Amino acid sequence: MIEMQDIWKTYPDGTTALQGVNVVIDRNEFVYIVGPSGAGKSTFMKLIYREEVPTKGQISVNGFNIGKLKHRKIPYVRRNIGVIFQDYKLLPKLSAFENVAFAMEVIETPRRTIRRRTMEVLELVGLKHKANSLPAQLSGGEQQRVAIARAIVNSPAVIVADEPTGNLDPETSWGIMNLLEEINFRGTTIVMATHNKEIVNTLRKRVIAIERGSIVRDQLRGDYGYEI
Amino acid sequence: MKFSTVARHIREGFKNVGRNGWMTFASVSSIAVSLFILGIFMLLALNVNKLADQLDSQVQINVYLQLDTVKAKSDAIERSIKRIPEVKSVTFVSKDEGLKRFRESMGADGKDALDGYEKENNPLPDSFEVEAFDPQKVSFIAKQIEALNLTDPAKSITKVKYGKETIEKLFSITNAVRNIGIFIVLGLAVMAMFLISTTIKMTIIARRREISIMKLVGATNSFIRWPFFIEGAIIGFGGSFISSAILMYGYSQLVRTTSADVGLYMIEFATVNEVRFLVGGTIVVLGTLLGIWGSTISVRRYLKV
């Protein structure tokens, strides 16, 4: 599903974020990416949804060679990848419904299908009753659930979640994790960067640890491994 | 692009106008105000131009003949003048007609003073009034008419008069006024463009984050651009329509209340109908284009995420 071969990433200002990363993530896996701040986690995530391009190396996601993608084609790749962020990234002037529907409008889904599917997904994340609320009228946990609904509405092959629980209290975080686990259970690959030790140690999955731009540990059913 | 997507973009464009309430208000008013000022100067320039035209068209050449010129001779001269391509019309003014006009011009007081100068005592010569197609060619025509004497042993033409200095001064003034008018209008148009594009840019900078989110969700550039395009057109049309409506109403009121007074000086305003398309129409088209241009240019900058 995701394959990286000898990936190097140096930013224009000279910082080297990744040095020689090799990794294979299979279909239907659930992977935690852990490591200290500034270790290269975010760059790793950004490479997957093509916000950044590797300086060197090959990366393929869902069969697309992402590094060599033409600008014009980027949107089409992103449609197969659901992205979830720490700061939700919802469109502030659109309601919860419109935010989720937007992802379907982009792929020119018929309006009636959009309506049905959007309500379906909002129900799945437990926000059907808040469909018409603006993001500002929702709590952090609710906004993140809207973002998850938007990420899954087109049934993508991969979901990339960059610290999805970073801004949420523990209880809300568990709600989000249950949701992600259910989505994973339905067949979506999930790559999640996190600092949340409790979650990683409780909900055991594959753990990839990145330090100073390199993968230092890759273990199935691993633990967080860092003291906070 | 599917038809339903086109409909979606138009719907979204209209919705955005409402969603961005204050920003829309700011852009609409900046368009309305700057085009209003531009419109006022366009109206001014148009009327000055019209005034200049009216003054120009009052310019004519008077050609005076020898007192003893016979009818056949003057007819021949009239034909020669008519043959000059720049000449629009030639009117023969007989000595009797000349005296009559002279008498009228003196008013009631001098009426009797001219008694006894009729018929064979008339001291005035026959003359022609010559009008040119292009008032600027008057002095050229006058020279051509003077040249007719060269082939005429009797030298029948005594004088060709066209108020040389007055005309040249008039032309230099009207030309200057026209050029300055065009200059001011162009300058204001550039200023309006700058002001409008800045305002629209501001509204879009505020939405830079939205654009980057749309891209992350997988929207293509054109998918993002279209609603902005529609929104820009609506804002541009709205703002320019408001200013054009106020201008046209104000102008028609001005013409209605003052044309009687101004008419005394033999001057006419450009009519409301003339102005409606020239100024009102131009402003609406210009405003709409500026709205589209401003939003398209600004969005393009943030599309490279």
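Mentor: We shall go from annotated spans to a chain contact and then to a single residue. Please keep in mind that this is a predicted model.

Trainee: Which residues of chain B does UniProt list for "transmembrane region"?

Mentor: The unreviewed UniProt entry lists residues 21–46, 180–205, 226–251 and 275–294 of chain B under that term. An annotation of this kind can be set beside the computed secondary structure. Residues 180–205 of chain B are 100% helix and 0% strand, with end C-alpha atoms 37 Å apart. Residues 275–294 of chain B are likewise 100% helix and 0% strand, and the end C-alpha atoms of that span lie 27 Å apart.

Trainee: How many residues does each chain give to the contact between chain B and chain A?

Mentor: In general, the size of an interface is often expressed as the accessible area lost when the parts come together. Here we count residues: chain A contributes 15 residues and chain B 13 residues. On the side of chain B, α1 (3–19) and α7 (208–216) each give two or more residues, and α1(B) gives the most, with four residues.

Trainee: Beyond its neighbours within four places in sequence, which residues does Val93(B) contact?

Mentor: Val93(B) is in contact with Gly98(B), Ser127(B), Phe128(B) and Glu129(B). Pro125(B), 32 residues from Val93(B) in sequence, is 9.1 Å away in space, C-alpha to C-alpha.

Technical notes: Residues numbered from 1 in each chain as written. Chains lettered and ligands numbered in written order. Predicted model: local features only at pLDDT ≥ 70, side-chain atom pairs only at ≥ 80, totals over all residues. UniProt positions renumbered as here; feature names shortened; annotations may be inferred. Contact = placed C-beta atoms within 7 Å.
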